Amino acid sequence: LASLSAAAPGRLGAPDGWWGIQHAGPQSYTFTPDADAPRSGDGSLRIDNVGPEPWGALDQVIDATPWRGKTLRFSAWLRTRNATGNAHGGGASLAMQTRRGGYVVEQARMRVGAVGGTTDWARYELHLRVANTADEIEVGVNLFGPGTVWIDDAALDVVEPPSPPAAPVTAP
């Protein structure tokens, strides 16, 4: 799995560079490196639902300072097994948000395009402009409800906004 940031120790039982988190309650999601059938390289990361809580997520948080004022694309390849979703989301989805002082400034999520069922590797992406006041960017993958999701080849890139249309030229 391509790491977005320097390999830092994982947090809350997640693989290096990532933070595994779930809704409150008893352990309901596991976060594991997986060497079986990665999309590329030596492995991917996997979230498995193992209990009653409604969602689990694998995230990375990076400093927003060098990205302020830029539009970013967060892309990753996802694969699912028996992802059924629940009232909180339709299965597996990417998520991206900016924060200032711990509060969300802007966010982009795959609510409508969530990946359900059993699927092979497919690439997904989100776009978000980083506010000039943001101090953190968080990117990751969520799993809502039962099932499994794998993530591989995650990337964060600057996307130049399209040029505005040229104004028509009129002769005097």
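This is a predicted model: local features need pLDDT of at least 70, side-chain atom pairs count only at pLDDT 80 or more; totals for chains, interfaces and linings use all residues.

Me: Start with Asp153. Which strand is it in?

Reply: Asp153 is in strand β10, which covers residues 148-158.

Me: Buried or exposed?

Reply: Asp153 counts as buried, because its relative accessibility is 19% and the cut-off for buried is under 20%.

Me: What do the side chains of Arg39 and Ser40 do with Asp153?

Reply: The side chain of Asp153 makes a polar contact of 2.7 Å with that of Arg39. Another polar contact, of 2.6 Å, joins the side chains of Asp153 and Ser40.

Me: Back to Arg39. Which ring face does it lie over?

Reply: Arg39 lies over the face of Trp77, 3.6 Å from the ring centre.

Me: And Arg79, which ring is that over?

Reply: Arg79 sits over the face of Trp150, with 3.8 Å to the ring centre.

Me: How many aromatic pairs does the structure hold?

Reply: The count of aromatic pairs is zero.

Me: New topic, Arg100. Where does it lie?

Reply: Arg100 belongs to strand β6, residues 92-100. At 46% relative accessibility, Arg100 is partly exposed.

Me: What does Arg100 touch, leaving out residues up to four places away in sequence?

Reply: On that basis, Arg100 touches Val105, Thr133, Ala134 and Asp135.

Me: How far apart are Arg100 and Ala134 in sequence and in space?

Reply: They are 34 residues apart in sequence, and their C-alpha atoms are 4.8 Å apart.

Me: Which atom of Thr133 does the Arg100 side chain reach?

Reply: The Arg100 side chain reaches the backbone oxygen of Thr133, at 2.9 Å.

Conventions. Residues are numbered from 1 along each chain as its sequence is written. Side-chain values use heavy atoms; hydrogens and water are left out. Helices (H or I, at least four residues) and strands (E, at least two) are DSSP runs, numbered from the N terminus. Buried means under 20% relative accessible area, exposed over 50%, partly exposed in between (1.4 Å probe, protein chains only). Contact means heavy atoms within 4.5 Å. A polar contact is a pair of N or O atoms within 3.5 Å; within protein, one must be able to donate a hydrogen and the other to accept it, and residues adjacent in sequence count only if both atoms are side-chain atoms. Rings of Phe, Tyr and Trp (its six-membered ring) pair if their centres lie within 6.5 Å; planes under 30 degrees apart count as stacked, over 60 as edge-to-face and the rest as tilted. A charge sits over a ring if NZ of Lys or CZ of Arg is within 6 Å of the ring centre and within 35 degrees of the ring normal.
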